[in-house]
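Visitor: I would like to learn how to read a protein model feature by feature. Could you take me through one slowly?

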Amino acid sequence: MIDVLTEVKVYQQYINGEWVESESTEMIEVLNPVTEEVISVVPKGAVADAEKALQAAKNAQDAWEDLPAAARGEYLKQMAVVITENRVALAETLANEQAKVIGLAQVEIDATAAYFDYYAGWARRIEGEIIQSDRPGEIMYLHKHAIGVAVGILPWNFPFFVMARKVAAALITGNTIVVKPSQEAPNVIMEWMQLVNEKMSLPAGVLNFVNGAGSIVGQALSESPITGIISLTGSVGAGQKVMEAAAKNITKVSLELGGKAPAIVAKDADLDMAVKAVVDSRLIFSGQVCNCAERVYVAAEIYDEFVARAKKLMSETKVSHAFDGESAMSSMVSQNQVDKVEGMVNRAIEAGAKLETGGEKMKVDGKGFFFQPTLLTNVTQDSEIIQEEIFGPVLPVMKFNTIEEAVKMANDSEFGLTSSVYSNDYNTIMYVQKRLKFGEVYINREHFEAIQGYHAGWRKSGIGGADGKHGMEEYLVTKVVYSQAN
Ligand code: NAD
């Protein structure tokens, strides 16, 4: 049964502790990708909305930073409680707005609550340093301060979790924040903010949400002199635009951008585990995950067996609507995304790739932006399908003869987010993990990061990073104090 929402929700802007109308009357429609029905509308947004929110965040910031960090942590804990108490309804909203299978939607909701809790725990651990001075009677110390007003710009693929990545780290460190949700997946955030507004007494201006188009609201937030740090998760193109806008005021940027994660499967790998991990990493959320395996290099000795097993697993994968408990993946997020993936697959085949399974768009109950799990072989290292981000359920496989060759091909990419290696040989693992030029390396497991780690891309995959201690420190500036006692 497809869960159909009958009510079209109308969301506005949340600025300075209240819901306010946008200065723009134009609205953006949000679709349920499975049913293709409009389920909500959000404002297209105006520059004035962004400016109002930034001013509110600025006005609230000193008092927020003056609170003891433990008091800020208490607010984060309450935010987690609001999520946990509404975890099922929030997961349903998420599944409806982006066709995330309900099990994975629930994982995202629960991980978001855990994220607020985790950062609340940092409250008493934000520390400075004392340094020896060259002068008698002088003490030198390093203070860590909030940057001021943070801006978070979100993608559609993990909208709730990525929201917490920005909000929790910014607030615990004493920053206030203005967030621009993705215009394709604002609902879960809006529903949660309504609950936070009703159930908590967060000081006005500390947390603001401005819906709208990236070229209007995102641009205005990025080029404002009020903004102290812009943390964007999205495509390389949006990252470039944000950097250009930030250059105006030399504003700090933290960018988490696209990926083209390689997986290397050595001849001595546990094949059952490697095939499952790579295929799972590729099909989770229809391949629309920045860190999931986008290309796989397999040792010649096991290549045929790997392809046969991956083909079986992919062709047997159930693709259905998001509330079918047995479906491993559902629709892609939009017509645009499914068209983009189809184009890349067709061009790969025209260039000589062999289609092992899949390769077609599909509908469920006559609707939706589905694409079949697709396996391609006979692809070349310099081809589009190996070099460009696919962001869909398509896995290209290449063969290698030596482990040196595999590492060379894996590193031959302008992206540098995540990577993985499958082997039971210690020397092979050490050789590969040392040489992979990526922000994350997974050994003998699927690609999926932990909140206490550090999620950061190299090269065009980004600047700075999120999660753990180092992700929190993105939102701090350092002051050196020279304190001379007479
Ligand atoms: P996108 O770049 O289209 O949009 C991301 C956000 O940027 C949206 O909120 C959008 O409105 C905004 N934006 C667009 N133009 C802007 C501008 N000129 N100024 C300011 N903001 C602007 O990305 P998407 O389609 O939402 O997400 C998919 C992309 O995100 C993929 O490339 C994926 O790899 C990447 N991603 C990366 C990570 C990571 O952690 N590295 C995580 C999730 C997604």
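This is a predicted model: local features need pLDDT of at least 70, side-chain atom pairs count only at pLDDT 80 or more; totals for chains, interfaces and linings use all residues.

Visitor: Which domains does the protein chain have, and what separates their centres?

Guide: Domain bounds come from an automatic or database domain assignment. Here that assignment gives domain 1 (2-257 + 461-482) and domain 2 (261-452), and their centres, taken over C-alpha atoms, are separated by 30 Å. Two residues are in contact if their C-beta atoms, placed from the backbone, lie within 7 Å, and the contact between the domains takes 23 residues from domain 1 and 26 residues from domain 2.

Visitor: Which elements give two or more residues to the side of domain 1 that touches domain 2?

Guide: Helices (H or I, at least four residues) and strands (E, at least two) are DSSP runs, numbered from the N terminus. The elements in question are helix H3 (87-98) and helix H4 (102-120), and H4 provides the largest share, five residues.

Visitor: How should I read a nonpolar core?

Guide: A nonpolar core is a set of buried Ala, Val, Leu, Ile, Met, Phe, Trp, Tyr and Cys residues joined through C-beta atoms within 7 Å. A residue is buried if 20 or more other C-beta atoms lie within 10 Å of its own, exposed if 12 or fewer, and partly exposed in between, with C-beta atoms placed from the backbone. The largest core in this model has 152 residues, and those with the most contacts inside it include Leu76, Ala168 and Val178. Helix H5 (residues 159-172) gives the largest share of this core, eleven residues. Because domain 1 and domain 2 both give residues to this core, it lies between them.

Visitor: Leaving aside neighbours within four places in sequence, what is valine 178 in contact with?

Guide: Its contacts, counted in that way, are Ala53, Leu54, Ala57, Val149, Val151, Asn208, Val210 and Leu221.

Visitor: At what angle do helix H2 and H5 cross?

Guide: Axes are lines fitted to C-alpha atoms, for helices over the stretch in contact, and angles run from 0 to 180 degrees between N-to-C directions. The axes of helix H2 (residues 69-85) and H5 come within 9 Å and cross at roughly 155°. Angles under 35 degrees count as roughly parallel, over 145 as roughly antiparallel, 65 to 115 as roughly perpendicular and the rest as oblique, and H2 and H5 are therefore roughly antiparallel to each other. On the H2 side Ala69, Arg72, Gly73, Tyr75 and Leu76 take part, and they meet Ala168, Leu171 and Ile172 in H5.

Visitor: Is glutamine 98 buried or exposed?

Guide: Glutamine 98, which is found in helix H3, is buried, as 32 other C-beta atoms lie within 10 Å.

Visitor: What can the phi angle tell me about glutamate 36 and aspartate 467?

Guide: Most residues other than glycine have a negative phi. Glutamate 36, in the loop between strand E4 (27-32) and strand E5 (37-43), has a positive phi of about 65° and is partly exposed, with 15 other C-beta atoms within 10 Å. Aspartate 467 has a positive phi of about 85°, and with 20 C-beta neighbours inside 10 Å it counts as buried.

Technical notes
Residues are numbered from 1 along each chain as its sequence is written.
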